[in-house]
Amino acid sequence: MNKVMKEIISTLAYLLGVLCLTWLVITFVGQRTAVDGSSMEPMLSDGDNLIVDKITYRFRDPQRFDIIVFPFQYKENTFYIKRIIGLPGETVQIDELGNIYIDGEVLEENYGREIIQADTVGIAINPIVLGEDEYFVMGDNRNNSSDSRMEIVGNINREDIIGRAWVRIWPLNKFGILKHQ
């Protein structure tokens, strides 16, 4: 009986260790998330599964063009995946022709799927001054994305960023590290 009890205790200790390690990895290192929708096309597609890197931003600040994951504030267990366009302290504005301005200079980027239509400029038609811990984010599918141009999403606080999209793990034919810059 003593040998059986030791085996049970040993197995329980092993399982507890595995659970603790899993919790630590999910909380501090990375987690899987799925893309729901087309707002990041062509970079990410509906149904893609990603690993989110939760470590990098513990050692450095998010950078322009990083693809980040953050919670949607009005629906529990809903996360958005968007690209950082504006950094803390910058002023972001989008004109009626779809040009994105950062501090009055046209942003040179090639991530937008198409030219931003006048009816999707949203609140960014007026200059948006970002606070010292705020980021302006947009989906790559500019005319089909709920992002910082919409009041319901707005600017993203640094503390709300879960991490950056790191690796696409599904579908297998697109497996690989994501290009951010």
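**View 1. Lys 82 lies over the face of Tyr 80**. The distance from the ring centre is 5.2 Å; a charge sits over a ring if NZ of Lys or CZ of Arg is within 6 Å of the ring centre and within 35 degrees of the ring normal. Tyr 80 is buried, with a relative accessible area of 17% (buried means under 20% relative accessible area, exposed over 50%, and partly exposed in between, with a 1.4 Å probe and protein chains only). The structure is a predicted model, in which local features need pLDDT of at least 70 and side-chain atom pairs count only at pLDDT 80 or more, whereas totals for chains, interfaces and linings use all residues. Residues are numbered from 1 along each chain as its sequence is written, and side-chain values use heavy atoms, with hydrogens and water left out.

**View 2. Phe 70, Phe 72 and Tyr 80 form one aromatic cluster**. Two aromatic pairs are found in a search of the whole structure. Rings of Phe, Tyr and Trp (its six-membered ring) pair if their centres lie within 6.5 Å; planes under 30 degrees apart count as stacked, over 60 as edge-to-face and the rest as tilted. The pair of Phe 70 and Tyr 80 is edge-to-face, because the ring centres are 5.9 Å apart and the planes stand at 70 degrees. Phe 70 belongs to strand S3 (residues 67–71) and Tyr 80 to strand S4 (residues 79–86), so this pair ties together parts that are 10 residues apart in sequence. Helices (H or I, at least four residues) and strands (E, at least two) are DSSP runs, numbered from the N terminus. Both Phe 70 and Tyr 80 are buried. The rings of Phe 72 and Tyr 80 are stacked, because their centres are 4.8 Å apart and their planes are at 10 degrees. Phe 72 counts as buried at 13% relative accessibility.

**View 3. Side chains alternate along strand S5 (residues 91–94)**. S5 pairs with strand S8 (residues 128–129) in the antiparallel sense over two bridges; two strands pair if DSSP finds at least two bridges between them.

**View 4. S5 and S6 form a hairpin**. Strand S6 (residues 100–102) runs antiparallel to S5, and three bridges join them. Ile 102 is the bridge partner of Val 92 in S6. Five residues lie between the two strands, and Gly 98 in the turn has a positive phi of about 90 degrees.
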